[in-house]
Amino acid sequence: MDVEKSFRMREGHGGSSYSKNSSLQKKVSDKVKHIAIEAIQRLYLETKPKSLAIADLGCSSGPNTLSIIGELYQAVVDVARGTVGTTQALEFVVYLNDLPSNDFNSIFEALPQFYSDLDHQGRKDNVAGDEREDRFPIYVAAFPGSFYGRIFPNKSLHFVYSSFGVHWLSKVPPGIYDENGESMNKGSIYISAGSPQQVRHAYSEQFRGDFSSFLRLRSQELTTGGRMALILLGRESSDDFDRGNSKLWELLTQSFTILIKEGKVEKEKLDSYDVHFYAPYRDEVEEVVSKEGSFKLDQLTMIQSGTTKHSSGMVIAMTIRAIQESMIEDHFGEGILDPLFSTYAKLIDNELLKGEIVATTLALVLINLC
């Protein structure tokens, strides 16, 4: 399966769209956004560029995209006004990156309101009534392409932000297939308690290779001393299987199995479907950064986000659907989507009765040494 062509968040503003089903990601991002905000403020104070270039990698679509851009913008504006006065020339250039199939149009449609909100905030902040414009200029453009390849010119960026992007691999690990090209992880779509060691090793190696390439390429695109703030799903321990991300993939596998028993899905289809995802342990992240050598790991924070007694299986299922729908539809066909995720929601609700599902998120700040 060609990930670059098939993988995208559900476009538009419909009931199953990513735009309508990304509140869980925002809730977690909000818990760690201070890390990105502090990093870009420190970067600005150290370099004071007249034109600050920011890239959001894996930006997706929906309200979360422009929300974080607005907060990063405001954070720098606050520091600029507080330290160098209101006459300092400053403009922002924002590059939004995702795969070419991403719904960039919905982002562009939201830009007029985004600019209007910034204008309103600028007028509120301009209490001194100086003669400059109410807000610093900000220019937004799209740069489609995989972030596992080069995207931007050499040394053209000051700050890179990526939220819930880097845990998506460039491809399903080739190492999970035997000499006949068949998956050694049959019956599972991700690492499960019963997955062979070869499968676990293949996923880890694919992440290490992909993340190393990601760092090397970003180092070429960032200025020396430039910062990266990355948010990605991870694991609390070295155990490959946990009651968080792994549990959610296991329940989705069980949903497929139920549909197989009902005659709605062929078993061979499930056996040949594996996700291009990996939630690394923090030690793996630290090892790759150290070995690759282009960045200094300035900060690494791990947070736990658990469900509550008010959590809804349907909300969680629709969140996963908005992310996985394109891949599942491409492999299994559109007809299974509704019964699959209806079953998935029920299984999640049943699982929540047994206890929390706790996902681990890693938040990193890296400084470019090259």
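Gly 194 is exposed, with a relative accessible area of 67%; exposed means over 50%, buried under 20% and partly exposed in between (1.4 Å probe, protein chains only). The model is predicted, so local features need pLDDT of at least 70 and side-chain atom pairs count only at pLDDT 80 or more, while totals for chains, interfaces and linings use all residues. Residues are numbered from 1 along each chain as its sequence is written, and side-chain values use heavy atoms, leaving out hydrogens and water.

**Exercise 1.** Find the place of Gly 194 in the fold, and pair its C-alpha atom with that of Phe 241.

*Solution.* Start with the elements: helices (H or I, at least four residues) and strands (E, at least two) are DSSP runs numbered from the N terminus. Gly 194 sits in the loop that joins β4 (157–163) to α5 (197–221). Next, go to Phe 241, which is 47 residues away along the chain; the two C-alpha atoms are 9.6 Å apart.

**Exercise 2.** Is Phe 7 buried or exposed, and which residues does it touch?

*Solution.* First place the residue: Phe 7 belongs to the loop between α1 (3–6) and α2. Its relative accessible area is 8%, so Phe 7 is buried. Now look for contacts, meaning heavy atoms within 4.5 Å. Beyond residues up to four places away in sequence, Phe 7 touches Leu 99, Ser 101, Trp 168, His 276, Ile 323, Gln 324, Ser 326 and Met 327. One of these, His 276, is 269 residues away along the chain, with 9.7 Å between the C-alpha atoms of the pair.

**Exercise 3.** Check the length of helix α10, then list its buried residues and what covers them.

*Solution.* Helix α10 covers residues 337–352, which is 16 residues. The expected span is 1.5 Å times one less than the number of residues. That rule predicts 22 Å, and the end C-alpha atoms are 22 Å apart, so the two agree. Now mark the buried residues: Leu 337, Leu 340, Phe 341, Thr 343, Tyr 344, Ala 345, Leu 347, Ile 348, Glu 351 and Leu 352. When you read that list, recall that an α-helix has 3.6 residues a turn, so residues three or four places apart point the same way. The cover over these buried residues includes α6 (245–261) and α9 (313–332).

Stay with α9 for a moment, where Thr 319 lies. Thr 319 is buried at 6% relative accessible area. Its contacts, apart from residues up to four places away in sequence, are Asn 21, Leu 24 and Gln 25.

**Exercise 4.** How many cavities of 30 Å³ or more are there, and what lines the largest cavity?

*Solution.* Points join across faces, edges and corners, and the volume is the space filled by probe spheres set on them. The count is 1 cavity of 30 Å³ or more, and the largest cavity holds about 40 Å³. Its lining is Val 32, Ile 35, Ala 36, Tyr 161, Ala 229, Leu 230, Ile 231, Ala 363 and Leu 364. Two or more of the lining residues come from each of α2 (23–47), β5 (222–234) and β7 (358–368).

**Exercise 5.** Which residues have the most contacts inside the largest nonpolar core?

*Solution.* Such a core is a set of buried Ala, Val, Leu, Ile, Met, Phe, Trp, Tyr and Cys residues joined through side-chain atoms within 4.5 Å. The largest one has 117 residues, and Phe 92, Phe 159, Phe 211 and Phe 214 have the most contacts inside it. Helix α3 (residues 63–84) gives this core its largest share, 10 residues. Then follow Phe 211: setting aside neighbours within four places in sequence, it contacts Val 166, Leu 230, Val 285, Val 288, Val 289 and Leu 364.

Technical notes. On a 1 Å grid over the protein atoms alone, a cavity is a set of points where a 1.4 Å probe fits but cannot get out, and a pocket is an open set with protein on both sides within 12 Å along at least five of seven lines; lining residues have an atom within 4 Å of a point.
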